[in-house]
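Here is a short briefing for a first look at a structure. Keep the sequence and the 3D view open while you read.

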Amino acid sequence: MNYDKGFFDSKEFRELLGRYEHSKTIGTSQYFGVEEFADLASYFMFIEKYEEAEEVLAKSKHLHPAASENSRIEIKLLLCKGEALKAWECFSQIGYAEDDETRILKAEILLALKSFREAREIAFEILQKAKPDQEIVYDALEVLLDCGFAQEALLICENILRAVPGKKSLLEVKAECLIEMQRIDDAVEIYNSLLDEDPYSTFYWEQLGHAYYMVKKYGKALECFEYESTINEDIEYAFMMQGYCYYFMQDYSSARKIFGKICRKYPQSAMPLFYIALSYYKEGMNGTAIETFNKVIEIAEEGTIEAMLARVDKAMLLEESNMQERAEDAISMAIMMHPDNMKQLVLDSTRLYELRDKENLTFDDMNILESKEWSQEEELFRLGAHLADNGHTACALRVLRYIREFARDTSEIDAYIAFSLWKSGHAELIGPAVENALKEKSWTLFRLFGIPYKNGITTESFIEAVKNRNNTEKG
């Protein structure tokens, strides 16, 4: 099974892919060897066409029922689909010999199961025994990198490159290590040198484009993804990334055009439809944006971040349009059906939330998401604070009061409740929230109301200071 991404651009593989697609088109049962099926499955997994990979696996099992390679394909496919436990179960039933290729497969399963120490040990053992020019070195370094040891992987990679300078697979790993360490300029230099030798490599164009995207150089990223699509128009990842680039460069019409094509091909996919809704909002078409968010909610699986963020964004647009009751209903449903993982709520630099996945994260996003372990209380609080900071006080109060029921520290929540009540015209109700926030030493309360901090201030004095400040501003 060939996992060398450059192999997919080779004449040998393109001829194999052509034969396979031709046989499907004319409906014949052309013979393919099990290794050819493995290469085809690897390709479809690489471009994330998992149904196509499953079809290849079924055909391979039919023609080669006793081939052990089928199990490898199946395990790889299960890992791609996020079914690590099933992959481990499948692996455990096979009884493979302990060759290096099998041990790498085991390490990849352990990675997916978050058993990083065991996966790292396997990688190190292989690296200690392997010769510098063996391809298994590349696989072991990839495992090490995926375990989160980019610095170690880079040092080992550079040492091996001294023995085999210019080896492409090792340069690829080195570039990935540099990207992981956010040394983008160094990584770009490597990919440009690789493209000088192989200008038609979709893999290198994609990696270069993604590196630029992660540092928000969207114009350069777009050019790379366009080159990739020109070389192979079947790579849907490159097409989708062009849509993101256009969106973040504020060319919303071009973004909608691309995401619209993806939606027509994959009508049950929430991500492209979500960005169509955002594009309508960015161009001031709030009504159309609300309708589109409704469609996202219809197709998104309940209890997912896609459904939640669509409801949150919809609620903000409804409140902005003076449809407060509908807005509160939408936000209530969002928090009632929230997923276990809501880390995206801490990415609140834009008024409407922009849906993220592993492909369209930038380094700025990753630095926030990975800065700490975010609890559900913190995630929901960030939502409530974001709503209040952007003037959506009715929705903010729904969220903040919901969190307060189970929060361990209510001081900041009470500060935002008081602020939201004040901003929504209910000054007479802020007393209890102000009292609680002051009792719990909330500095945020003073910041929100623009009052200089004063230790030991009473609730009455604080509210009086807020009223005086408000009167001064009106005067």
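Is Lys-441 buried or exposed? Lys-441 counts as exposed, because its relative accessibility is 59%. The model behind this value is predicted.

**The chain as a whole**

- The chain contains 26 helices and zero strands.
- It has 475 residues, and 51% of them count as buried.
- Along the principal axes, the C-alpha atoms fill a box of roughly 80 × 50 × 45 Å.
- Take the contacts in the chain with a separation of 6 or more: 57% of them come from residues 24 or more positions apart.

**Helix 19 with helix 22**

- Two packed helices are described by the angle between their axes and the distance between the axes.
- Helix 19 spans residues 324–336, and helix 22 spans residues 393–404. Their axes come within 9 Å and cross at roughly 30°.
- That angle is under 35 degrees, so helix 19 is roughly parallel to helix 22.
- The crossing of helix 19 past helix 22 is right-handed.
- On the helix 19 side, the contact is made by Gln-324, Ala-327, Glu-328, Ile-331, Ser-332 and Ile-335. On the helix 22 side, the partners are Ala-394, Cys-395, Arg-398, Val-399 and Tyr-402.
- The residues of this contact divide into seven nonpolar, two polar and two charged.

**Helix 14 with helix 15**

- Helix 14 covers residues 236–248, and helix 15 covers residues 252–265.
- The axes of helix 14 and helix 15 come within 7 Å and cross at roughly 145°.
- Helix 14 passes helix 15 in a left-handed crossing.
- Helix 14 brings Glu-236, Phe-239, Met-240, Gln-242, Gly-243, Tyr-244, Tyr-246 and Tyr-247 to the contact. Helix 15 meets them with Tyr-252, Ser-254, Ala-255, Ile-258, Phe-259, Lys-261, Ile-262 and Lys-265.
- By type, the residues of this contact are ten nonpolar, three polar and three charged.
- Lys-261 and Val-296 are 35 residues apart in sequence. Their C-alpha atoms are 16 Å apart in space.

**Salt bridges**

- The count comes to 28 salt bridges.
- One of them joins the side chains of Lys-76 and Glu-108, at 2.5 Å from N to O. Lys-76 lies in helix 4 (residues 69–80) and Glu-108 in helix 6 (residues 100–112), so the pair ties together parts that are 32 residues apart in sequence.
- Glu-108 is partly exposed, with a relative accessible area of 22%.
- Lys-167 forms a salt bridge with Glu-135, where the closest N and O atoms are 3.1 Å apart. Lys-167 sits in the loop between helix 9 (150–163) and helix 10 (168–180), and Glu-135 in the loop between helix 7 (116–129) and helix 8 (136–146), so this pair ties together parts that are 32 residues apart in sequence.
- Glu-135 is partly exposed, because its relative accessible area is 45%.
- Glu-158 forms a salt bridge with Lys-174, the closest N and O atoms being 3.7 Å apart. Glu-158 is in helix 9 and Lys-174 in helix 10, so the pair links distant parts of the chain, 16 residues apart.
- Glu-158 is partly exposed, with a relative accessible area of 24%.
- Lys-24, Glu-52, Glu-55 and Lys-59 are linked in a network of salt bridges.

**Positive phi angles**

- Most residues other than glycine have a negative phi.
- Lys-114 has a positive phi, near 65°. It is found in the loop between helix 6 and helix 7.
- Lys-114 is exposed, because its relative accessible area is 63%.
- Lys-441 also has a positive phi, near 65°. Lys-441 lies in the loop between helix 24 (431–439) and helix 25 (443–449).

Terms used: Residues numbered from 1 in each chain as written. Predicted model: local features only at pLDDT ≥ 70, side-chain atom pairs only at ≥ 80, totals over all residues. Heavy atoms only, no water. Axes fitted to C-alpha atoms, helices over the stretch in contact; angles between N-to-C directions. Helix = DSSP H or I, 4+ residues; strand = E, 2+ residues; numbered from the N terminus. Parallel < 35°, antiparallel > 145°, perpendicular 65-115°, else oblique. Left-handed = near helix turned anticlockwise from the far one by under 90°. Contact = heavy atoms within 4.5 Å. Nonpolar A, V, L, I, M, F, W, Y, C, P; charged D, E, K, R; others polar. Salt bridge = Lys/Arg side-chain N within 4 Å of Asp/Glu carboxyl O. Buried < 20%, exposed > 50% of the residue type's maximum accessible area, 1.4 Å probe, protein only.
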